[in-house]
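These are comments on the model below, arranged by topic. Please read them beside the sequence and the coordinates.

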Amino acid sequence: MAELSFFVGVIGNVISVLMFLSPVGTFWRIIKKKSTEEFESFPYVCTWLNSSLWTYYGVIKPGAYLVATVNSFGVVVQSFFLGVFLIYAPSAMKTKTGIMVGILDIGFLATAIVVSQLLLDGETRIGALGFVCAGLNIIMYGSPLSIMKTVIKNRSVEYMPFMLSFFFFLNGGIWTFYAFLLSDWFLAVPNGIGLGLGLAQIAIYGVYRNAKPLPLKTSIPTQQEQDSQTQPLISSSNPEP
């Protein structure tokens, strides 16, 4: 059983690495266009925080080094993605992202580490941190749904990162299996929910993938609209003499 769990854990690490790297295409597009367009930063803020806390969890829990190593890689990758987002995002989105990074990725992370170190110890610390990580894992898996308002409104999946949702689905599945082998419910519950959320996102993508996008409304009226606006409501006729 130990050999099987190690083998599954290695596969899980590989899939997690691919999951962390899956938005590369999105960020290459952002760099080329020098704009984040309609993309949301929330999934990357959540993934950074989630990776950081799972790294800490893997460090303090004996035998959880596979969890620590892959999530530390995720911290590095997500740091790059957030840096790119903050460079190319418009001012409003840049402010919104900066606030989320400050509150979640810095404030919440620091608080969780300090509280767990000062007030908790041993299995109590591991258990409390496991609960927190489990909750954040669920939020991370559901974070791509933050773009769903735009998807439904425009009937377009252009700004829905499919590869991120796809690898969330794979990652949730393999880590759920790994967690069952180790009887680690802190890993099993959130990753099982993540498996379902990833499947739901793939289903939504399938529904709107071939949908006809709604035409974008512009503020510039057409010539016909301009003529209708300038035409008097009551026309007067001047009979010829």
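1. On a 1 Å grid over the protein atoms alone, a cavity is a set of points where a 1.4 Å probe fits but cannot get out, while a pocket is an open set with protein on both sides within 12 Å along at least five of seven lines; lining residues have an atom within 4 Å of a point. Grid points are joined across faces, edges and corners, and a volume is the space filled by probe spheres set on the points.

2. Basis. The model is predicted: local features need pLDDT of at least 70 and side-chain atom pairs count only at pLDDT 80 or more, whereas totals for chains, interfaces and linings use all residues. Residues are numbered from 1 along each chain as its sequence is written, and side-chain values use heavy atoms, with hydrogens and water left out.

3. Largest cavity. The whole structure holds 3 cavities of 30 Å³ or more, and the largest has about 160 Å³ of space. Its lining comprises 16 residues, with S16, W54, N71, N171 and W175 the closest to the centre. At least two lining residues come from each of helix 1 (2-21), helix 3 (42-60), helix 4 (65-88), helix 6 (122-142), helix 8 (162-182) and helix 9 (185-208). Helices here are DSSP runs (H or I, at least four residues), numbered from the N terminus. The lining has 9 nonpolar, 7 polar and no charged residues. In this scheme Ala, Val, Leu, Ile, Met, Phe, Trp, Tyr, Cys and Pro count as nonpolar, Asp, Glu, Lys and Arg as charged, and the others, Gly among them, as polar.

4. Second largest cavity. This one has about 50 Å³ of space. Among the residues that line it are F39, E40, P43, Y44, S143 and P144, and also Y159 and P161. By class, its lining has 7 nonpolar, 2 polar and 1 charged residues.

5. Largest pocket. What is the volume of the largest pocket? It is about 170 Å³. Of its 13 lining residues, T26, E158, M160, P161 and F162 lie nearest the centre. Helix 2 and helix 8 each supply at least two residues of this lining, which divides into 8 nonpolar, 3 polar and 2 charged.

6. Surface patch. F6, V10, V14, L18 and Y65 form a nonpolar patch with about 450 Å² of accessible area together. Areas come from the Shrake-Rupley method with a 1.4 Å probe, and for residues only the protein chains shown count as cover. Helix 1 gives the largest share of the patch, 4 residues.

7. Backbone in two loops. Most residues other than glycine have a negative phi. E37, in the loop between helix 2 (24-33) and helix 3, has a positive phi of about 50°. S183, in the loop between helix 8 and helix 9, has a positive phi of about 55°. E37 counts as partly exposed because its relative accessibility is 24%, and S183 counts as exposed because its value is 52%. The cut-offs are under 20% relative accessible area for buried and over 50% for exposed, with partly exposed in between (1.4 Å probe, protein chains only).

Conventions
Patch = residues over 30% accessible without salt bridge, like charges linked within 9 Å, V, L, I, M, F, W, Y side chains within 5 Å. Salt bridge = Lys/Arg side-chain N within 4 Å of Asp/Glu carboxyl O.
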